[in-house]
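Trainee: Hi! Could you walk me through this one?
Mentor: Happy to, let's take a look together.
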Amino acid sequence: MAGAAVSMLLYFAWAVSWHQVFIDHCPMGDAQPLKIAILLSVIPYAVGFMLLASVRVEKFGLVLAAPLIPMMAWQAVWGFRLFYIVNVDGLSACTLTMGMPFGSASDDWLEQIAGTYYILVSMGSILGLLHAYRRLRQHEASRNAVAQVFD
């Protein structure tokens with residue numbers, strides 16, 4: 001049951017991080033909705049990562065979390081695009097979120113790290129789920145080995 005709760009927490013973190021991103025306003029080229037999305041999602045992601053590392057996720061939880069892997073992969077690609085637009089091209093994050101050219105990126109550190117944030121939480125989620133799967137397999141293998149000894 002704990003694994004299902006961890007999966008739901010990661011879904012919640014993903015939804016929170018994307019809810020604000022595509023709100024159709026970017027006042028004066030300020031990526032305020034993106035900054036709000038990051039600030040609101042950092043705690044659910046952090047708690048999800050800690051739980052993935054400490055809780056044994058059962059099969060049901062991993063099956064429930066399986067759709068997260070392509071969603072997180074897409075989010076990582078989006079994060080790479082955001083990183084490039086803001087840090088290499090020097091454009092506002094609104095250029096990506098609104099789909100139209102905006103001015104230069106602000107000097108706000110939160111906009112500068114937004115792409116990196118999305119890459120890290122995406123890859124962290126994928127690696128955490130893969131680690132949980134590996135631990136489940138090891139647990140099942142050891143349980144089967146013990147069962148064979150007593151057969």
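Mentor: One definition to begin: buried means under 20% relative accessible area, exposed means over 50%, and partly exposed is in between, using a 1.4 Å probe and protein chains only.
Trainee: Thanks! And what kind of model is this?
Mentor: This is a predicted model, where local features need pLDDT of at least 70, side-chain atom pairs count only at pLDDT 80 or more, and totals for chains, interfaces and linings use all residues. Residues are numbered from 1 along each chain as its sequence is written, and side-chain values use heavy atoms, with hydrogens and water left out.
Trainee: So is Trp78 buried or exposed?
Mentor: Trp78 counts as buried because its relative accessibility is 4%.
Trainee: How many aromatic pairs are there in the whole structure?
Mentor: A search finds eight. Rings of Phe, Tyr and Trp (its six-membered ring) pair if their centres lie within 6.5 Å; planes under 30 degrees apart are stacked, over 60 edge-to-face, and the rest tilted. One of the pairs is Trp18 with Trp78, edge-to-face at 4.6 Å centre to centre and 70 degrees between the planes.
Trainee: Where do those two sit in the chain?
Mentor: Trp18 is in helix H1 and Trp78 in helix H4, 60 residues apart. Helices here are DSSP runs (H or I, at least four residues), numbered from the N terminus.
Trainee: What about the rings of Trp78 and Tyr118?
Mentor: Their centres are 5.2 Å apart and their planes at 75 degrees, so that pair is edge-to-face too. Tyr118 is buried, with a relative accessible area of 0%.
Trainee: New topic: how exposed is Val42?
Mentor: Val42 is in helix H2, and counts as partly exposed because its relative accessibility is 38%.
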